[in-house]
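Here is a short tour of one protein chain, meant to be read with the model open beside it.

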Amino acid sequence: SAPTLLFMVIVSQVPFVLTLYYSFQSWNLLRPENIRWIGFANYLRPFSDPDFLQILWNSLVLSISVVVVTFIGGMGFALLLNRPFWGRSLARTLLISPFLVMPVVTAVLWKNVLLNPAFGLSTFVLNSLGLPAVDWLAHFPMFSIIAIVSWQWTPFVMLILLAGLQSLPESTLEAANLDGATGWNLFRYIVLPHLERFIEIALLLEVLFVLNIFGEIFVVTTGGPGIATTNLPFEIYKEAFLRWNVSRAGAYGVIAVILANIIVVLFLRVLRNQNQPSV
């Protein structure tokens, strides 16, 4: 309806238009009276800054790694839960639970309970095996963030793929078994083609969400050491709320939107090319 459409335009597009307007200005809230038009300078400056290029690379590495890890893990758990076994309902509930935990709570749990180099669970396990403790957040910061985000988002992929598996008719599987399809051949030629649309939906939604990861980085590493785990959303936060540079933060936000659209378009093109039958 028209009121709903008008509400959506006001909520989503008006803030974006204001962001676009301020991105062409030079405006820092520490000096609010000094505001002037500078054109595309805020857009051109980041690409001559090695730190910004590293931040873009961090965003891509984090997003691609999480998508790959969660797809593999989600597919494995979905295939497991699609089989009948004792305690399947309890296992499904436990596997879903990480997705229901708030990102900040997840970050605090991993930082203080699992990865703490003094008393964390990882330290206890390594010491039990006669190995020295590892400060994961200091020596492997990006790996730690990928592990945390993957732990939280694997249930999301698992649920969508599990729904796809449960929609596969039993008669199709039985016919394939009668034709001699078992194991990998059954998965490759029957299950995987059936899951193509479900995989596309799961990964597309996940890409959009993972590109905006902020809470885990803010709580666990604060973008460090240095800028080792700083992604584009966290850099936007630093520009807007630490350096108070509204214009530069607006430009970074527009760049983030453009980058997300490019990744989504490339992602959909790859999936559609794979789904097209070869001649």
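A residue is called buried under 20% relative accessible area, exposed over 50%, and partly exposed in between, using a 1.4 Å probe and protein chains only. With that scale, Arg243 is partly exposed, at a relative accessible area of 36%.

Before going further, a word on the source: this is a predicted model, in which local features need pLDDT of at least 70 and side-chain atom pairs count only at pLDDT 80 or more, while totals for chains, interfaces and linings use all residues. Residues are numbered from 1 along each chain as its sequence is written, and side-chain values use heavy atoms, with hydrogens and water left out.

**Salt bridges**

A salt bridge here is a side-chain nitrogen of Lys or Arg within 4 Å of a carboxyl oxygen of Asp or Glu. The structure holds 4 of them, including these:

| Pair | N to O distance | Relative accessible area of the Glu |
|---|---|---|
| Arg197 and Glu200 | 3.0 Å | 10% |
| Arg243 and Glu235 | 3.2 Å | 6% |
| Arg243 and Glu239 | 2.7 Å | 3% |

Glu239 is buried. Salt bridges with shared partners link Glu235, Lys238, Glu239 and Arg243 into one network. In the pair from helix H11 (residues 196–210), Arg197 and Glu200 are 3 residues apart, which means about one helical turn separates them. Arg197 counts as exposed at 52% relative accessibility, whereas Glu200 is buried.

**Fold and packing**

Helices (H or I, at least four residues) and strands (E, at least two) are DSSP runs numbered from the N terminus; the chain has 14 helices and 2 strands. Of its 279 residues, 38% count as buried. The C-alpha atoms fill a box of roughly 75 × 60 × 40 Å along the principal axes.

What does Leu259 touch, leaving aside residues up to four places away in sequence? Taking a contact as heavy atoms within 4.5 Å, Leu259 touches Leu56 and Leu232. Leu259 lies in helix H14 (residues 246–275), and its C-alpha atom is 9.8 Å from that of Leu60, 199 residues apart along the chain.

**A nonpolar patch**

Leu6, Phe7, Met8, Ile10, Val11, Val14 and Leu18 make a nonpolar surface patch of about 670 Å². Patches are built from residues with over 30% relative accessible area and no salt bridge, joining like charges within 9 Å and nonpolar side chains (Val, Leu, Ile, Met, Phe, Trp, Tyr) within 5 Å. Val14, in helix H1 (residues 2–23), is partly exposed at 40%.

Notes: Areas by Shrake-Rupley, 256 points an atom, 1.4 Å probe, with all protein chains shown as cover.
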